[in-house]
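Please read each numbered point alongside the displayed structure.

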Amino acid sequence: MTTPEKVIREDVRSIAAYHVPGAEGMVKLDAMENPYGLPDELRREIAALAACAPINRYPDPGALALKARLRSAMQIPEGFDILLGNGSDEIIQIVVLASARAGAVIMAPEPTFVVYRMAAGAANVRFVGVPLEADFALDPERFLAAMTEHKPSVVFLAYPNNPSGNLFPEEAVVRILAAAPGLVVIDEAYHAFAGRTFMGLLERWPNLLVMRTVSKLGLAGLRLGYAVARPGWMREFEKLRLPYNIGVLTQRLGERLLAHHGVLEAQAAAIRTERAHLASRLARVAGVTPFPSDANFILLRVPDARRVFEGLKRRNVLVKNLHGSHALLENCLRVTVGTAQENLQFIAALEAALAENRANRVVLGADRCHLPPCANHK
Ligand code: PMP
């Protein structure tokens, strides 16, 4: 009898599926979504469009209207092509697959967005993660040395980085672009919250691909990512893009919503304001270390991430527990910036969870010192 064991690759059978926890009824601060809905007027406009969309037909395979709208809304320079993906996840997969020659290496600083490593694994390509500093800064010397050693076909740099939230210095990124033997993908998924971009450097660097998504901007449910690079790269990637990867509804609604790009930009500005409030409140919570962020989330270190995460969950607040995912992320949680109300709920739940843990430790005596008293400690 044929069984999966006989058919499915061993490395695939040995990995765990990407787990997305249920969030029914929770304050959902785990996935970097925009917490604001669309204004009523816009909802009515896209409802009418959806009603008339020809869903009995395949979508435009080239998504020309959507691409034209993206080009104007996102100021994509002329002379560079756009590749669309079912989320930027799919673009990562296409880029990795296209470069998966025998012996190829994919490289990124770590910790970073896990899909770079996952996509490399799926394509059977070696992934080299170059550790960041303890404060998540990028050491350019270390990265350049790793590039010299491993000669990566593709380097991924999340700008700002997920899960740390920081932007690597522009000079360091430019040094990587100058020294890279292959393609450098600058992943600007959080561009709306950072206001910095490498789009203007496409002209200067022939090995640069700038990738973005509309997910964090407020359209995560559409599943739409885009990448911009010279036509020579895009001609090759297009060959691996499945013919109708962007559906009729995503094309039509995406085009319309991006025509009202200002609404989404205003929401991003509100999120940036809330991020500053949340960061300053977090800095005042005893025992918590928040890291500076240019994205729509904040990484924080707590005394016991697993227990704090569970304590938050019991109080109906869902964040991401990163403890155990990388040595540098010990006792780290990542919280998405929500509405003012959600952020207050999060802070209250965090304080309650921390207090509960302190109380438990006293009851259980875990705080008591079992060592003999120090000579100078009377
Ligand atoms: N890049 C980075 C750095 C991300 O954090 C994410 C989402 N978590 C993505 C890409 C993928 O986004 P999407 O597939 O929704 O476009």
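The points below take up the domains, their interface, the ligand site and the local backbone.

1. The model is a predicted one. Its protein chain is divided into two parts: domain 1 is made up of 4–33 + 262–361, and domain 2 spans 53–259. Taken over C-alpha atoms, the centres of domain 1 and domain 2 are 24 Å apart.

2. How much area do domain 1 and domain 2 bury between them? The figure is about 2,100 Å², with 63% of it on carbon and sulfur atoms. Three residues of domain 1, namely Leu264, Asp294 and Leu328, account for 28% of the area that this domain buries against domain 2, more than any other three residues. In terms of contacts, 26 residues of domain 1 meet 28 residues of domain 2.

3. The polar side of the interface deserves a separate remark. The rule finds zero salt bridges between domain 1 and domain 2, whereas it does find seven residue pairs in polar contact across that interface, with both residues at pLDDT 80 or more.

4. Which elements of domain 1 face domain 2 with at least two residues each? They are α13 (261–283) and β10 (297–301). Helix α13 gives the largest share of this side, seven residues. Sorted by class, the side of domain 1 that touches domain 2 holds 14 nonpolar, four polar and eight charged residues.

5. The ligand is surrounded by 13 residues, and the closest of them are Ser88, Asp187, Tyr190, Thr213 and Ser215. For aspartate 187, an N or O atom of the side chain lies 2.6 Å from a nitrogen atom of the ligand.

6. Asparagine 162 is joined to proline 163 by a cis peptide bond, with omega about 15°; proline 163 is placed in the loop between β5 (154–158) and α8 (170–179). Arginine 223 has a positive phi, near 60°, although it is not glycine, and it sits in the loop between α10 (215–219) and β8 (225–229).

7. A further cis peptide bond runs from glutamate 110 to proline 111, with omega near 5°. Proline 111 belongs to the loop between β3 (105–110) and α6 (114–122). As background to this point and the previous one, most peptide bonds are trans, and most residues other than glycine have a negative phi.

Notes. Residues numbered from 1 in each chain as written. Predicted model: local features only at pLDDT ≥ 70, side-chain atom pairs only at ≥ 80, totals over all residues. Heavy atoms only, no water. Domains from an automatic or database assignment. Contact = heavy atoms within 4.5 Å. Buried area = accessible area lost by both parts, 1.4 Å probe. Salt bridge = Lys/Arg side-chain N within 4 Å of Asp/Glu carboxyl O. Polar contact = N/O pair within 3.5 Å; in protein donor to acceptor, adjacent residues only side chain to side chain. Helix = DSSP H or I, 4+ residues; strand = E, 2+ residues; numbered from the N terminus. Nonpolar A, V, L, I, M, F, W, Y, C, P; charged D, E, K, R; others polar. Near = heavy atom within 4 Å.
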